[in-house]
Amino acid sequence: MIREVLKMGDARLLRVAEPVTEFDTPELHALVQDMLDTMKSLNGAGLAAPQIGVNQRVVIFGVETNQRYPDAKPVPYTVLINPIVEPMFKMGMAAEFMEEGWEGCLSVPGMRGVVERYFAVQYRGFDQFGKEFEREASGFHARVVQHECDHLDGVLYPMRIRDFTRFGFTDVLFPDGNAPADD
Ligand code: NI
């Protein structure tokens, strides 16, 4: 079922979400399905449960190959629950490397901004069946994970913007329609 996505300004987006304690339940499967339906209906790259008003540590994300972004590598469709995200060293770098990139958010519709994120991360957590898994990700994949997991701690991407000259309305920033994916 497609659910309403809360918009920035709603206090429910600022809460720290609660860990999931029971897996493989009808309620959890229904939540994941609703999140998927909602994300797909809005062409999002990811969605966190707090964005539909559910205060639990559940995120989904995934991007298929998109003709609009031929250079963007696909991100596997993933359900990630109770996540832990840690920065990784980039090859040849002495410390965690951060990279700037454009972001959007379904809770901040019609806008884009440049945010610094760790270039590479290791993340782990559980799927909706309670199976634990761990992955390494870099680039856009790592960015999406960090963006979605921020929602679980009440952080929206505009709260991380440092240079507000690169924050604005999508159709003004990208008049040719080649804006980066909504997430
Ligand atoms: Ni978002």
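Student: Why is Phe167 called partly exposed?

Tutor: Its relative accessibility is 23%. Buried means under 20% relative accessible area and exposed over 50%, with partly exposed in between (1.4 Å probe, protein chains only), so Phe167 counts as partly exposed. Before we go on, this is a predicted model, where local features need pLDDT of at least 70, side-chain atom pairs count only at pLDDT 80 or more, and totals for chains, interfaces and linings use all residues. Residues are numbered from 1 along each chain as its sequence is written, and side-chain values use heavy atoms, with hydrogens and water left out.

Student: What makes Trp102 and Phe174 an edge-to-face pair?

Tutor: Rings of Phe, Tyr and Trp (its six-membered ring) pair if their centres lie within 6.5 Å; planes under 30 degrees apart count as stacked, over 60 as edge-to-face and the rest as tilted. For Trp102 and Phe174 the centres are 5.1 Å apart and the planes stand at 80°, so the pair is edge-to-face. Trp102 is partly exposed at 27% relative accessible area, while Phe174 is buried at 14%.

Student: And how do you know that Phe164 and Phe167 are edge-to-face?

Tutor: The ring centres of Phe164 and Phe167 are 6.0 Å apart with planes at 80°, so this pair is edge-to-face too. Ring pairs also link Tyr157, Phe164 and Phe167 into a cluster. The whole structure holds six aromatic pairs.

Student: What makes Cys105, His147 and His151 the residues that coordinate the nickel ion?

Tutor: Donors are N, O and S atoms within 2.8 Å of the metal (3.2 Å for Na, K and Ca); water is not among the atoms, so sites may look incomplete. Here Cys105 (SG), His147 (NE2) and His151 (NE2) coordinate the nickel ion at 2.1 to 2.3 Å. Their spacing in sequence is C-x41-H-x3-H. Cys105 lies in strand β4 (residues 98-105) and His147 in helix α2 (residues 139-151), so the pair ties together parts 42 residues apart in sequence. Helices (H or I, at least four residues) and strands (E, at least two) are DSSP runs, numbered from the N terminus.

Student: Why are Cys105 and His147 called buried?

Tutor: Cys105 has 0% relative accessibility, so Cys105 counts as buried. His147 has 1%, so His147 is buried as well.

Student: How do you know that there are zero disulfides?

Tutor: A disulfide is a pair of cysteine sulfur atoms within 2.5 Å, and a search of the whole structure finds zero. For Cys149, the nearest cysteine sulfur is that of Cys105, 13 Å away, and Cys149 is in no disulfide. Cys149 is buried, with a relative accessible area of 10%.

Student: What makes β1 and β7 edge strands?

Tutor: Two strands pair if DSSP finds at least two bridges between them. Five strands form an open sheet in the order β1-β2-β3-β6-β7, with antiparallel pairing. β1 (46-48) and β7 (132-138) each have a single partner strand, so one side of each is left without a neighbour in the sheet.

Student: How do you know that β1 and β2 pair?

Tutor: β1 and strand β2 (residues 58-63) share three bridges in the antiparallel sense, and the cut-off is at least two. Leu47 stands opposite Ile60 in β2.
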